[in-house]
Amino acid sequence: MIDIFELSKTNPDAVHAAPVTTPVGRLDEVAAAKNMELTFIPSASKE
Amino acid sequence: MKLIYELSSKGRGGVRVPEDRISESDVIPSNLLRAVPADLPEVSESEVIRHYTRLSRLNYSVDTHFYPLGSCTMKHNPRACEAAAALPDLCETHPLWPQLRHGGLLTAGFLQILYSLERMLSEVTGLAEFTLQPMAGSHGELTAVMMMAAYHRERGNKKTHIIIPDSAHGTNPASAALGGYGVVTIPSDSSGDMDIEKFKAALNEETAGVMLTLPSTLGVFNPRVKEIIQAVHEVDGLMYYDGANFNAIMGRIKPGELGFDLCHLNLHKSFSTPHGGGGPGTGPVGVCEKLRPYLPISRIAKTKDGIYTLDYDFPKSIGYIAPFYGNFALLVRAYAYLLMLGRDGLRATSDRAVLNANYVQEKLRPYFSAVTKGRCMHECVFSGKTLANGVHTLDLAKALLDRGYHAPTIYFPLNVPEAIMIEGKRKRVKLSISSVRT
């Protein structure tokens, strides 16, 4: 936490971009709430 | 990572179900039979195993990471307690058995566990008797409010409201309202305690009781609690101890000896059960002597011959509040946990929780604005307003994920701007706690 505190002073963009190492990055929670995908529709699959 | 439906390939399968000699149409009415096959993924057994194993590895879990959430917390849950709850003789017992004729004899061990756990909880809280039936902390709160209402009704008291500090869990006012009372909210003072002067101004003959979380959600133990209890008793109000933070005082302070009349305990927080995914929970409620008649039924009794039985003959009882006897598997875990720790172990657990939280608080105090000026109890609360350049508490939480730590509780309690709530836990080694602060 101290590391992140110091980083907020020297490189705030890096903190704003986190997380970058997790399987899923920062989610757009507003978009997710407005455009909810609650069921799987085969035709909508990206594959 | 693909969804399991995206892995589906027509005709593929893991298990071949043998043809049944009885056709579905022979036993299920045609209007209830599915006309079109269910849209299930068609995948091989090894694809299923690999898919869900990969998914499980994406999880943050208490088995793989430090987990410093405050308040509704993932405490240490010993595997021995899990093993006890999974014993076939316990988890396969049918809940109707004890209610059958002579069923008590067939389920004597089952009833003895419940009876003994009730007595243990009475001992650690200093209260006269417990019900194990409430299925969650909030359910325990409602059960307690219903008993408060029954008490006041019988005495002919005209009570209209319950007093609750603003640092309480949101379920407190919800339970009071559901129990038929209005809610009077008292703000916290600069030290995080309920403002005593505003409390005294709100207290009157119409006060049914006060719901107090001790230590508070800010991790503060109110030093004037006995003064509050005395004032409430002077207007024939009842003091309710919200046990959400009992983790901080186990073996040190008994709410009943402080003067509390009712109390709920979150066994899924303080007494071993994996928690944090929304349940299952269990919130037993203890009461002082004068409130015993109002406890829910059925109650477990022990005859002079040492036989355990269910007793329903309590005409003043608030009645049934749950089916059967509560979340039994969770109660077994709590029973095993209490037996494992004993009195000294229970005390040491709370001591460690408080020590760990204070360690974290003092290490982070130069960087973040701590709510508590002095010592905290089992959790410490900071404001992230000291972060620079538009970085917020949410950004801090996300950046912690990159470093391999689950984020602490953030933006709660609501009365602390940019709140960061850290519970140091009670079993973590110093290495884990130190690394989260550096």
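How many residues does the contact take from chain A and from chain B? In this predicted model, 20 residues of chain A and 21 residues of chain B take part in the contact. On the side of chain A that touches chain B, helix 1 (2-10) and helix 2 (12-17) of chain A each supply at least two residues, and the largest share, six residues, comes from helix 1 of chain A.

Within chain B, four strands form an open sheet, in which the order of the strands is 10-11-13-12 and the pairing is antiparallel. Strand 10 (369-370) and strand 12 (409-410) of chain B are the edge strands, each of them pairing on one side only. Strand 12 of chain B is joined to strand 13 (residues 419-423) of chain B over two bridges, in the antiparallel sense, and here Thr409(B) stands opposite Met421(B), a residue of strand 13 of chain B. The sheet is also packed on by helix 13 (residues 328-364) of chain B, which touches strand 10, strand 11 (379-383) and strand 13 of chain B, and the direction of this helix makes about 25° with that of strand 11 of chain B.

Another part of chain B is built around helix 8 (residues 171-178), whose buried residues are Thr171(B), Asn172(B), Pro173(B), Ser175(B) and Ala176(B). These buried residues pack against one helix, helix 7 (137-155) of chain B, and against strand 2 (161-165), strand 3 (182-186), strand 4 (207-213) and strand 5 (238-243) of chain B. Helix 8 of chain B is followed by Gly180(B), a residue whose phi is positive, near 100°.

Strand 3 of chain B, one of the strands against which the buried residues of helix 8 pack, is also the place of Ile186(B). Ile186(B) counts as buried because 23 other C-beta atoms lie within 10 Å, where 20 or more are required. The C-alpha atom of Ile186(B) is separated by 6.2 Å from that of Ile164(B), although the two residues are 22 residues apart along the chain. When residues up to four places away in sequence are not counted, Ile186(B) touches Ile163(B), Pro165(B) and Asp166(B), and also Met194(B), Asp195(B), Lys198(B), Phe199(B) and Ala202(B).

Conventions: Residues numbered from 1 in each chain as written. Chains lettered and ligands numbered in written order. Predicted model: local features only at pLDDT ≥ 70, side-chain atom pairs only at ≥ 80, totals over all residues. Pairing = 2+ DSSP bridges. Contact = placed C-beta atoms within 7 Å. Axes fitted to C-alpha atoms, helices over the stretch in contact; angles between N-to-C directions. Buried ≥ 20, exposed ≤ 12 C-beta atoms within 10 Å, placed from the backbone.
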